[in-house]
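Have the viewer open and follow along.

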Amino acid sequence: MIVVENLSYSVASAQILTDVSVTLPKGGITALIGPNGAGKSSLFSHIARLLPMQSGRITVDGMDVAPSNRQELARKLAILPQQAHFATRLTVKELVQFGRYPHCQGRLRTEDHEMVEASLHAFGLMPLAGRFLDTLSGGQRHKAHVAMTYAQDTDYLLLDEPLNNLDIAASRALMALLRRLADEEGKTIVIVLHDINFAAQYADHLVVLKDGRIEREGKPADMVTGALLADVFRTDAQVAVVGDTPFVMP
Amino acid sequence: MVLAAISLFVGVISLRPSEIFQDGAAFGLMLDSRLPRTLATLIAGAALAVCGMIMQMLVRNRFVEPMTAGTGQGAALGILIVVLLFPSASILVKMSIATATAMVSSIGFLLIVRRLPPAQPLLVPLVAMIYGGIIGAGVTFVAYQWDMLQYIDTWLNGDFSGVMRGRYELLWVAALITALTYVIADQFAIAGLGRDASINLGLNYDQVMILGLLAISVVAALTVITVGAIPFVGLIVPNIISRRFGDNLRATLPLTALCGASLVLVSDIIGRVIRAPYEIPVGTVLGVLGAVVFLWLLYAGPKHAR
Ligand SMILES: Nc1ncnc2c1ncn2[C@@H]1O[C@H](COP(=O)(O)OP(=O)(O)O)[C@@H](O)[C@H]1O
Ligand SMILES: [Mg+2]
């Protein structure tokens, strides 16, 4: 369980997050949605201790998100930032191996190698394992970054817009993989999604952020309505219901 | 190895391998001058190449190296201060102050670089050159005021001709520091991925930065004190290695050291042979070699897919 209490964050005079309090349940997939600039990435950065906390408190399974818990947190929670861009030249495999660093401090044991293999396999990266990242397409490189995050093998995975750069097949495959991780391995996945249909289809829980505040939260089936789109996204899209899943008409 | 052997036997006074053990004087020359000189070139080359690689990871830019980005100049400034204010200070004090000024100077560079837009990587070497140039000019100005320009020259322009037994041993400390950096090679490689990725992997990012800068500063200070600043090694070698083998430092640092050592040794030998019995400073040779290699790197273009 990730508990965020009274988190506020401002840069210069701009208030980016205002008194955010939210509890992200353990297990399952929680989707974070909201318009551009709502503060989703900023909230993620705080949970993953990439930004120093100005006010408020965040705990992950009761453990305070503070620099003193650096290594334990790295084994408990992994983040894939929105723009993961690395200038260094690494092969896909080397990058994924770095995902094991929190567990083995660079000295890979058998189980680490197994996890690296499993991760390369899960993302279909085996044929590309020896290729340098800068020789890959944007989508392939993106997969390598997700694979690295996966190899970190943490209870919590924070993914910031992981479907960017991915085609429809890869997007569905990634969501299906995340679904399986949540269902079979009991992982907790928090994901920023722009496509509300993906959120409605795959997430168990929906958190809506707008202008740096939590706007509402709940089950996707109850939440994805014309009213949500009108109030939060200021667009009057139609919402159909297919089966029992809401579907936003583009 | 072959190169090292050549270096031992090249010099103003010609030596033949067979003479060493028969002729006491030849043996003495070997021990007092040739061997130290060869060792000094090897160590300085290896240490500077490794430090260049580490600095490029920390700054996250391929076009910087300690000797041009203010670290070397900072060290020279430190030495100058000691020589001016405490001329009788021990070598250890000299070292410490030079390291400290090199460190401050590097941190200053890093702080400036952080404010540069990441989308324009070529700004970094430009700023590095200006920054290093300003500190270098400051050093020269102070030296000029106190009539010490000839000292400055020995610090800012590397040259192995003065290396003799008893005058290069400090470089062994640089060798030791370089070897130690290998212990946390992974951490430097991860730091190269950036702050966010480092924190995500549980790395103490600030600590890695400080350790890296400290290593670079100590090595720069030691090199400047013993043989003078040697440019380009820290730039050329890491670039070639990265191009060919990537940036997984645990795998590439030993090779980086080896290539750095060879490159400086070759340059030193060329400098000694080309206009014998006069010598061309190693920095000059490296400058020419470096320019050629770099143009080749640029025009050869990235050869991908393997
Ligand atoms: N370092 C920063 N300095 C100034 N403003 C920032 C900074 N980081 C983010 N912001 C602003 O904070 C707001 C929220 O950004 P972000 O969390 O990235 O939104 P989202 O991920 O929801 O699109 C935006 O208005 C953005 O311009
Ligand atoms: Mg964002």
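What follows takes chain B and its helices, then turns to a few residues in chain A.

**Chain B overall**

Keep in mind that this is a predicted model. The chain has 306 residues, and 52% of them are buried. Take the contacts in chain B between residues at least 6 apart in sequence: 75% of these join residues at least 24 apart.

**Helices H12 and H13**

How do H12 and H13 of chain B cross? Helix H12 of chain B covers residues 233–245 and helix H13 of chain B covers residues 249–273; their axes come within 9 Å and cross at roughly 135°. The two helices, H12(B) and H13(B), are therefore oblique to each other. As for handedness, H12(B) passes H13(B) in a right-handed crossing.

On the H12(B) side, the contact uses B:Val233, B:Ile236, B:Val237, B:Ile241 and B:Phe245. Facing them from H13(B) are B:Thr252, B:Leu255, B:Thr256, B:Cys259, B:Gly260, B:Leu263 and B:Val264. Sorted by class, the residues of this contact between H12(B) and H13(B) come to 9 nonpolar, 3 polar and no charged.

H12(B) itself has a buried set made up of B:Val233, B:Gly234, B:Leu235, B:Ile236, B:Val237, B:Pro238, B:Asn239, B:Ile241 and B:Ser242. Val233, Ile236, Val237 and Ile241 of chain B turn up among those buried residues and also in the contact with H13(B). After H12(B) comes B:Gly246, with a positive phi near 90°.

**Helix H6, and a look at spans**

Helix H6 of chain B takes in residues 123–145. Its buried residues are B:Val124, B:Pro125, B:Val127, B:Ala128, B:Tyr131, B:Gly132, B:Ile135, B:Gly136, B:Val139 and B:Ala143. Just after H6(B), you'll find B:Asp147 with a positive phi of about 60°.

| Helix | Residues in helix | Span | Expected span |
|---|---|---|---|
| H6(B) | 23 residues | 33 Å | 33 Å |
| H12(B) | 13 residues | 17 Å | 18 Å |

For H6(B), the span is close to what is expected at 1.5 Å a residue, and the span of H12(B) is likewise close to its expected value.

**Helices H4 and H7**

Another pair to look at is helix H4 (residues 71–85) of chain B with helix H7 (residues 149–156) of chain B, which pack at an angle of about 145° with their axes 10 Å apart. H4(B) passes H7(B) in a right-handed crossing. Which residues of H4(B) and H7(B) meet? H4(B) brings B:Ala76, B:Ile79, B:Leu80 and B:Val83, while H7(B) brings B:Ile152, B:Trp155 and B:Leu156. This contact of H4(B) with H7(B) has 7 nonpolar residues, with no polar and no charged ones.

**A residue in helix H8**

B:Thr181 sits in helix H8 (residues 171–181) of chain B. Is B:Thr181 buried or exposed? Its relative accessibility is 6%, so B:Thr181 counts as buried, the cut-off being under 20%. Beyond neighbours within four places in sequence, B:Thr181 is in contact with B:Val50, B:Ile54, B:Phe188, B:Ala215 and B:Leu253.

**Over to chain A**

Two arginines in chain A are worth a click. A:Arg49 has a positive phi near 50° and is not a glycine; it lies in the loop between helix H1 (40–47) and strand S4 (55–60) of chain A. A:Arg234, also not a glycine, has a positive phi of about 55° and is found in the loop between helix H10 (226–232) and strand S11 (239–242) of chain A. Which is buried and which is exposed? A:Arg49 counts as buried because its relative accessibility is 11%, whereas A:Arg234, at 65%, counts as exposed.

Finally, A:Gly139 belongs to helix H6 (residues 138–151) of chain A. With a relative accessible area of 17%, A:Gly139 is buried. Setting aside neighbours within four places in sequence, A:Gly139 is in contact with A:Asn165 and A:Leu166. A:Lys187 is 48 residues from A:Gly139 along the chain, and their C-alpha atoms are separated by 24 Å.

Terms used:
Residues numbered from 1 in each chain as written. Chains lettered and ligands numbered in written order. Predicted model: local features only at pLDDT ≥ 70, side-chain atom pairs only at ≥ 80, totals over all residues. Heavy atoms only, no water. Axes fitted to C-alpha atoms, helices over the stretch in contact; angles between N-to-C directions. Helix = DSSP H or I, 4+ residues; strand = E, 2+ residues; numbered from the N terminus. Parallel < 35°, antiparallel > 145°, perpendicular 65-115°, else oblique. Left-handed = near helix turned anticlockwise from the far one by under 90°. Contact = heavy atoms within 4.5 Å. Nonpolar A, V, L, I, M, F, W, Y, C, P; charged D, E, K, R; others polar. Expected span 1.5 Å × (residues − 1). Buried < 20%, exposed > 50% of the residue type's maximum accessible area, 1.4 Å probe, protein only.
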